[in-house]
Amino acid sequence: MSSEPQAVTSTVAEVPLSRRFGLIWWIALVVSGAFVLLLGYTLVSVTILGVGVWGVNIPFVWGFDLINYAWWIGIANGASLFAAILVLRRHDLRTSVNRFAEGVALFAVICAGIFPIFHLGRPWLFYWTFPYPATFQVWPQFRSTLTWDFWAISTHAIVTSLLWYVGLIPDLATLRDRARSKTAKRLYGVFALGWRGSVRHWAYHQRAYRLVAILVLPLILIMQSTVAFEFAVTLVPDWHETRQPLHFVATGLAQGLSIVLLVAVLLRWGLRLGHYIDEEDVDLLGKLVLASALVSGYLYLDEIASALLAGGLAQDATFKRITGDYAGLYWTAIVYSILIPQLFWLKAARQSTIAGIFVGVSIGTGIWFDRYSIIVGGLQTDYLPSISRTYSPTLPETGLFLGTVGLFAALLLLFVRFLPVVSMFEIRHDEHEENSS
Amino acid sequence: MTHPLYGLMAEFRSPDALMDAVKAAKRAGFTRLDAFSPFPLSDLAEELGVRTTVIPWIAFAAALIGAVIQYGSQYWMNAVDYPLNVGGRPLDSWPAFVPATLIVAILWAGAATLIGLLLILRLPRLHHPVFAVHGFERVSNDRFFLCILSDDPLFEPAATRNFLNALSPENVREVPACG
Amino acid sequence: MRKGAPFDLDAVRTHLATEEGARLWRSLEELSDAPEVRRYIEAEFPDIVQAASIDRRTLLRLMSASLALGGLAACNGSEAGKNAPLLSQSRNMPGYTPGVPLTVATSMPLNGYGRGVLVRTQEGRPIKVEGNPLHPASLGATDVFAQAEILSLYDPDRSDTPLQNGAPRSWEELTNFIRPVRNELVVGEGRGLHILMPPTSSPTLHRLMAQARQLFPFAQWHLFSPVDDDNRRIAATAVFGRDLDFVYDLTQADIIVTLGGDLFAEEPGHLRYAADYQTRRRMQDRPLPGLYAVEARLSLVGARADQRIPLRPRDFEDFVQVLAAALGVGSAPSSAPHPSVSKLADELRRAGARSIVVAGREQPARVHALVHAINARLGAFGTTIRAIDPVRPVSADTGTLVDLAEAIESGGVSRLVVLGGNPVYTAPADIDLASLVRRVPLSLHLGQHRDETAVVCQWHIPELHPLESWGDLRAFDGTVGLRQPVAMPLKPGLSQEEFLGLLAGQGPDGRALVQATWHEAWGEGFEERWARSLEGGVIEGSASPLVALTDRFDVAAELEARTNSAGIDVVFAPDPSVWDGSYANNGWLQELPKPLTKLVWGNAALIAPETAAIFGLSSGDAIDLTVEGRAIRAPVWILPGHAPGAVTLTLGYGRQRAGRIGNGIGFDAYAVRPSRQPWIASGEIRKPGERIPLISTQQHHSLQGRDIVRVVAPGQSAVGESPEHSSLYPEWPYEGHAWGMAIDLDACIGCNACVIACQAENNIAVVGPEEVAKGREMHWLRVDRYHAGDPANPGTYFQPVPCMHCEKAPCEVVCPVNATVHSSEGLNDMVYNRCIGTRTCSNNCPYKVRRFNFLDYQGTDYTASPDAMNPQVTVRDRGVMEKCTYCVQRIGAARADARVEDRPLRDGEVTTACQQSCPTQAIVFGDVNDPGSAVSRLKQSPRNYALLGNLNTKPRTTYLARVEPSRENG
Amino acid sequence: MAQLFTPAATTLFRVAIVLMGLGAVSAGVLAYGWARSGSTWNVGKPAAQPIPFRHDLHSGSLGIDCRYCHSTVERAADAGMPSAQTCMSCHSQVWVGASVLDPVRSSFILGQPIQWASVHRLPDHAYFHHAVHVTKGVGCETCHGRVDQTPKTVKTQTMSMGWCLDCHRNPVPHLRPREAVFAMGYEPHGRDLPEDVRTFYQEASRRLTSCNTCHR
């Protein structure tokens, strides 16, 4: 038993501490790095030329910008919601996936945060949404969902990163103690803040950590609802629906889970952490993904049902979105985010890496199309027939989207490279419990 | 023992051993104890009489303050300082002020809790006497330590060392106080 | 105080008369860069050499003093200041105040006829054209062309220097060249001299032409306009033995029948006719007038008509003949009578003298002759129709373009002078004027642009814009309006008057020439009358008198009947946006959605849905149209209500040398226009299976069963029994004023005047075809056009949609930065400088009236000159939202005046730009808190309803339902 | 195991964190102060002028009424700059040969404008109407300060939007009776205002703080 934890810590800690990064990692980093450059380019160009370089117009004032924003936020919220639930349920699964679930959430928020700023006509004035005492004595308008969202996204970013870091401290201490080179020791040492594993410290640490985890739950629900409100509170016939928040929360969860699953299987495969993210974990994840996909499916049905009840223009709008010019988006969303996940009824599929990657990607894609369908497909029906137009994305906004994907990947790569992707101290803890029981 | 001591450190292989050691030490009447482990040991914490109830209070207070500040500022800015007719809505559109209020309450609670935690734990503290102990690095891995501090009224280097040795640890080492 | 030492004033005047002075009036950026000014500044104010960076408004203010001097100098009739605007002599002008706009009355030509306008100038820069209430052809309203002249004035492509075979020449060189030529002509009494000009109503021009005739008895004059009234002249001469113009009084008419043409858009009196028709409709004591439109293509009058009869052009003659026969004139033709003729005849018989039948200019002479006969039989002459001497008289010995062509062929032309116009472009296809002109030993062209004609003539002389030069114009009823310069010439040039003056040896002083004309006419008391006429813009009592008619109505039979060849009828019509092509380089007009097709930046071959079905065409498909062996490729547009078996081509597009904006847009209909049948020809169409992209600002045309445009029977309520919606929000109190607007859909004829007026008033950017195609046009006020019913002959409804200024504005609530909020008077303010561009407000606007600066629309090729901008309105930056403000700058100005004079605002003191330009007073703006105000009274009407009222946004802009006796509500 | 860090390191680390916090706070405070400081708004900074015109001489010593030169201040949005002719009406008699007046004379002869450097310049999106303010009891001095004592024209107020709002929210204390508008050194207190004016402005604050009062 005593040798057990030793082994644990070593295998996990070996990844950050080893000097050999592996060719695949390098290739992946270079590729995603290229996309990050693309991101920079598209951001600079849109700032210089204006959002006119995108396909947006009147009435489609929002395009990829809000689609991708909603998508990333969905991932972020889904992931941290999942992480928070794990912490609270003290489930074994938590120990293994919790850490990088939080990571995923954090990186997704960073990607999401890019859009609200750069989709502005005058991005350099974004800080006007923050209430500071300006000499022109004009304040933000707090009735606006956008103002709510400003607070929501900054809160999410701050709390998630704090939670993530505080959770990391003991493991950083481990890395400090195991690192070979003096500099590595000092580096990890500084970030470990001098953690020395005092039982007293542990007690406070756990209490605080779990408490903040609880706080994340309502935060996520409010935030995801806020994003939904940005559509629901407008008069746009297809958006003006009370079910929007539910739809965004549920689909967001499915999306977050799928990305977590994706990362999980990739880690199992890439970092050979099979022992710590074992079949059971992946299997459970798969079940969760399947469940959330079913919930989303139910909400899609509900959407149609409520449209039928609403009648009038709202009904036309929904049906036009399902059958009209942009029907493709809707059905793609259904196929990718609802039908394909049904694969996970099979245990074999749930436990296979390939299937995990496949379903993870497919749900992510599906929800992306769902957001596309909601925003663009929703805007095509308006009260006056005279103003109906069409929207088609341009290269710059596609580039911007790919850029954020690249950024996400890059951050994730650096994370798995330099930090313990699964919480070592919690594994030690669990194994101790197992052995003692 | 020419230089002053911070305390005496006994190293154990298992949490249970550590537990027994702590119990024994308390029976022996030692009060200034500190235990170190690679992962949280809640029962041991209880044994050592650690009370963490302050944490939720911090969170609660912070949340309250955050909420009040946020709602207050929203009300003052939109209804008092520059009352503008926005879409014919009432100046104090309280339902619209609620979401941001809740969110900011959570922001304050979360931030205060985690920052408060560091303050309570007196972290960051990069330098600490126990780090000087040989083999202590395994505390973040697979070893468990009990330290009887030198400022314990019953502390007396030789006797305490004997007492610790009696607990059959891996070894007992001196923790030099930092000069 | 301005009356300083006289010698100083003279000095200033003489200076202002120089090119340098004129420069002052030009682009002010240019001013601060102009070398001499630069040198001057450096010499005089060494410490502010960076003055170039000083912004426009400052420079304007600083300059106003010296400019004012120039203006005032002109008042005391001195020679020096003659090119300055006559500041003290325009209307309601208690003297010149820097920064305060001045208004000058003048007249604008369209097709040779005058429309009275008031031009608002700011520091000597004309920035806005309004209608002249005193002028019979305007009554205070304007059309799109008059409004857009501002942009044409500042057109950077206007030619500024004489050209000899394309090479720039100085004015001296020009004079040196011309003088011997003229002398030689004088000696030769004008042998070989041919002068081609568009027909004009200007008394001064006619006086000068007469004098030139005496000087050059052998000179031959040719009149040509692509939008000619030859058929009318032929008919009138045949029927009445003399050329006549007819003025219609729609206020007297109970039944109006139009046969083709467009009474509300293409007649010289169209503004007046639209206004009169509405006046007649508003008469409570008499039943609604009946308006019947028999036409090939859907027109504005057709859209407004109570009954439309789509008719294939070739069938018109029979139709009218049957109608005439039904009324007892002549005999019916063999062919089967049109079903609705008898009903029409009955209506006309019932109305008797209170009826008008009018045929469009494209109709063959026989139709016109028959129409005269019908009107005479009904006794309309004298009651609803006044016959007057032609406003654009044509002397017997005047030739046509065809004559000119023949003369050149026969080598009889040694000197050709093209006075204005662009005949090389507008000439019918079978006259290759370009090569003909090249064969003339010496040709000379006076024009505003280096256009198609300029390049084939040896000499090109820059022509002054009507807003820069002196002249006089007769309106459709003969009333004379004086044309006075409202700005110093932005670019040196000559007016037609001045050129003719030189030719006739009268000197180049436009002012003197015009004065001379009226000196002759008035003799005594000239000075006083001249002053009054300049101030009012019209010469009182100058309307042409009624002429007694001696007729022989049976003549119609003798007129050559139209020979119908096989194939599809091809109808040519002036374009609603660029007329005959002369406005092709005008960005405002190019981007103005055409009333019925909503097409911008191009023209299309208009066909009926039925025709489209036959040929398997859809809008945007290209066709090859062949007329008399000449073919063009054009995109088709399916226009509901168009007559089957016919295709309508609008003129004025496909220009090669219009300028940076107008070049290569659309197709050139002149390329297939035969000189023998310039209006209605026959052709063949083939489908090459190619598509030519067309840009339309409105894709969907059906009301989709929503009550967006409401139609009621007379006296019926538009609201029905739908209850007043209750709101969760408390009422917001509006003490003092509460601005609101009412738009009468029964009055709106969809003429677009409001759209251009809004654009001119509010510095609205032209974004260009690519951006419009993306759906990013910037018009604050759009006119939605809907069709209802059978596409073969649908009902057509226009609905101007500005910002509704909702009291419960959805847009404001979602703005995170308070950039759009309500004012204390209920305006939905848009604060550009606070906007960060989230565009959420647009999302939440159910009317989608908000416009966003997706790109920097101020720095494009389409951007108007800064001088054309209204300094009272902020020019919007990239990335900010903008929208209709109810012309808040006008409210502000009026409020300021009222406060300064310590009095309350009077109703009608604030008029929005759209309201001001509307010929039918369809738009009324005012204080809804004042129960006596015009707008309040309109909102009391049972026809008053709120667009999308069920959303309960409580719009301040409401609509008055259209009235249709035939239809039920909804 | 050896100590990774010296005791000093701990202190250093903690101090660093505290300093960062303080730095952030003080940066905010500095920004707040800077944005409101007169110098940021060029208060008291004279601009280079083509002519060394002295208000203290003309308005102060000679006591020429503001309206003599700024003739449209009671009628129009712009107060109006005196034309060269206005200057010449006196300077054709006094200081006839003075070289400093060359710009005036040449401007008068050539009709070229004298380009003064604007001192009280508002941004283009802010529309100010002199007449309305002057006729409603806002004294020249209230915005332009004691021009009768300043040799070179300078801003005496920041003229920031906040500064405008301070008055627009409650004008009464800043208003003067009509006859005192062009007076210098008058202490406005709104007491000797007619009652109706005072009541009017108590109600007017909402209108005066509407955006379109100044922005179009």
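The legends below describe close-up views of a predicted model. Residues are numbered from 1 along each chain as its sequence is written, with chains lettered from A and ligands numbered from 1 in the order in which they are written. In this predicted model, local features need pLDDT of at least 70 and side-chain atom pairs count only at pLDDT 80 or more, while totals for chains, interfaces and linings use all residues; side-chain values use heavy atoms, with hydrogens and water left out.

**View 1. The interface of chain B and chain A.** Here 67 residues of chain B are in contact with 57 residues of chain A (contact: heavy atoms within 4.5 Å). The buried area is about 5400 Å², and carbon and sulfur atoms give 73% of this area; buried area is the accessible area (1.4 Å probe) that two parts lose on being put together, summed over both. The rule finds 20 residue pairs in polar contact across the interface, both residues at pLDDT 80 or more. A polar contact is a pair of N or O atoms within 3.5 Å; within protein, one must be able to donate a hydrogen and the other to accept it, and residues adjacent in sequence count only if both atoms are side-chain atoms. Between chain B and chain A the count of salt bridges is zero (a salt bridge: a side-chain nitrogen of Lys or Arg within 4 Å of a carboxyl oxygen of Asp or Glu).

**View 2. The side of chain B that touches chain A.** At least two residues each come from α1 (15–27), β2 (33–36), α2 (42–47), α3 (54–81) and α4 (94–120) of chain B. Helices (H or I, at least four residues) and strands (E, at least two) are DSSP runs, numbered from the N terminus. With 17 residues, α4(B) gives the largest share. This side of chain B holds 44 nonpolar, 13 polar and 10 charged residues. Ala, Val, Leu, Ile, Met, Phe, Trp, Tyr, Cys and Pro count as nonpolar, Asp, Glu, Lys and Arg as charged, and the others, Gly among them, as polar.

**View 3. A sheet of seven strands in chain C.** The open sheet has the order β5-β4-β16-β15-β14-β6-β7, with mixed pairing (two strands pair if DSSP finds at least two bridges between them). Strands β5 (167–168) and β7 (220–223) of chain C are at the edges and have a single partner strand each, so one side of each lacks a neighbour in the sheet. Strands β6 (residues 193–197) and β14 (residues 415–419) of chain C run parallel, joined by four bridges; I195(C) is opposite V417(C). Helix α15 (residues 401–409) of chain C packs on this sheet, touching β6, β7 and β14, and its direction makes about 150° with that of β6(C). Axes are lines fitted to C-alpha atoms, for helices over the stretch in contact, and angles run from 0 to 180 degrees between N-to-C directions.

**View 4. A parallel sheet of four strands in chain C.** The strand order of this open sheet is β11-β10-β9-β12. At its edges, β11 (307–310) and β12 (355–359) of chain C each pair on one side only. Five bridges join β9 (residues 255–259) of chain C to β12(C), where V357(C) is the bridge partner of V257(C). Helix α14 (residues 365–378) of chain C lies across β9 and β12, at about 175° to β12(C).

**View 5. The salt bridge of D229(C) and R392(C).** The closest N and O atoms of this pair are 3.1 Å apart. D229(C) lies in the loop between β7 and α9 (230–240) of chain C, and R392(C), 163 residues apart from it, in the loop between β13 (385–388) and α15 of chain C.
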